[in-house]
Amino acid sequence: MNLHLKMPLFFLVALASLSSGEVYAQVPSAIAVPGQNIVTTLHAEGAQIYECMAGPDKKLVWQAREPIATLLLDGKTSGRHYAGPIWELADGSAVTAKAVANSPGATPNDILWLKLEVTSQRGVGGLYGVTSVQRINTKGGMAQGSCDSAGTYQSVPYSADYVFLGNGS
């Protein structure tokens, strides 16, 4: 195999991806946000918190309660993500959103990829003008095992990338 002939093709594909503005994973159509521009992309490291509760069939199941995560930009803490769901930056700007679509994670242990619509925002910092959020590139975060006692909690480590989008440039 001649790597010399294959490397230019690789670099052309990488360059084409960067020049088209697609610097994150190819998103499934179910969570695509056509016509919106990326405001910022932040990496999250934290945990998904689950509570053992009775489901509709009265059987005990793990139900998502809240995320608790640190938001990172270039490896540095830039904010936090918590129940709401809310994303809040150190500059005071924040958005609250609701999930409107999802797609499976890469493995059964990975939480869903999501498309969320912003329902409220505050501040004029880095999240100003954000109208949609995508959760992509998830790793971990799914509740494991059975829950046997109502009111118990499980904290499951996860990471994800959050892409914040808006209508502006």
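Start with Glu 88. At 16% relative accessibility, Glu 88 counts as buried. Buried means under 20% relative accessible area, exposed means over 50%, and partly exposed is in between, using a 1.4 Å probe and protein chains only.

Two ground rules. This is a predicted model, so local features need pLDDT of at least 70 and side-chain atom pairs count only at pLDDT 80 or more, while totals for chains, interfaces and linings use all residues. Residues are numbered from 1 along each chain as its sequence is written, and side-chain values use heavy atoms, with hydrogens and water left out.

Back to Glu 88. Which residue forms a salt bridge with Glu 88, the closest N and O atoms being 3.0 Å apart? That is Arg 80. A salt bridge here is a side-chain nitrogen of Lys or Arg within 4 Å of a carboxyl oxygen of Asp or Glu. Arg 80 is partly exposed, at 45% relative accessibility. Glu 88 also meets Arg 122 in a salt bridge, at 2.6 Å, N to O. This pair links distant parts of the chain: Arg 122 sits in strand E6, Glu 88 in strand E4, and they are 34 residues apart. Strands (E, at least two residues) and helices (H or I, at least four) are DSSP runs, numbered from the N terminus. Arg 122 is partly exposed, with a relative accessible area of 40%.

The count by this rule is four salt bridges. Another of them joins Arg 65 and Glu 66, at 3.6 Å, N to O. Glu 51, Arg 65 and Glu 66 form one network through shared partners.

Now the strands. E4 and E5 run antiparallel, joined by three bridges. Two strands pair if DSSP finds at least two bridges between them. Glu 88 has Ala 94 in E5 as its bridge partner. Four residues lie between E4 and E5 in this hairpin, and Gly 92 in the turn has a positive phi of about 95 degrees. E5 then pairs with E6, antiparallel, over nine bridges. Ser 103 stands opposite Trp 113 in E6.

Next, E8. Of its 14 residues, 11 are buried, so E8 is largely enclosed by the rest of the structure. E1 pairs with E8 in the antiparallel sense over 14 bridges. E7 and E8 also run antiparallel, with eight bridges. Tyr 158 in E8 stands opposite Gly 46, and Tyr 158 is also the bridge partner of Gly 140.

What about the inside? A nonpolar core is a set of buried Ala, Val, Leu, Ile, Met, Phe, Trp, Tyr and Cys residues joined through side-chain atoms within 4.5 Å. The largest has 23 residues, and Trp 87, Val 133, Tyr 162 and Phe 164 have the most contacts inside it. E8 gives the most to this core, with five residues. A second, separate core of eight residues includes Val 33, Trp 113, Val 163 and Leu 165.

Arg 135 lies in strand E7, residues 130-140. A polar atom of its side chain lies 2.7 Å from the backbone oxygen of Leu 112.

Definitions and conventions:
Polar contact = N/O pair within 3.5 Å; in protein donor to acceptor, adjacent residues only side chain to side chain.
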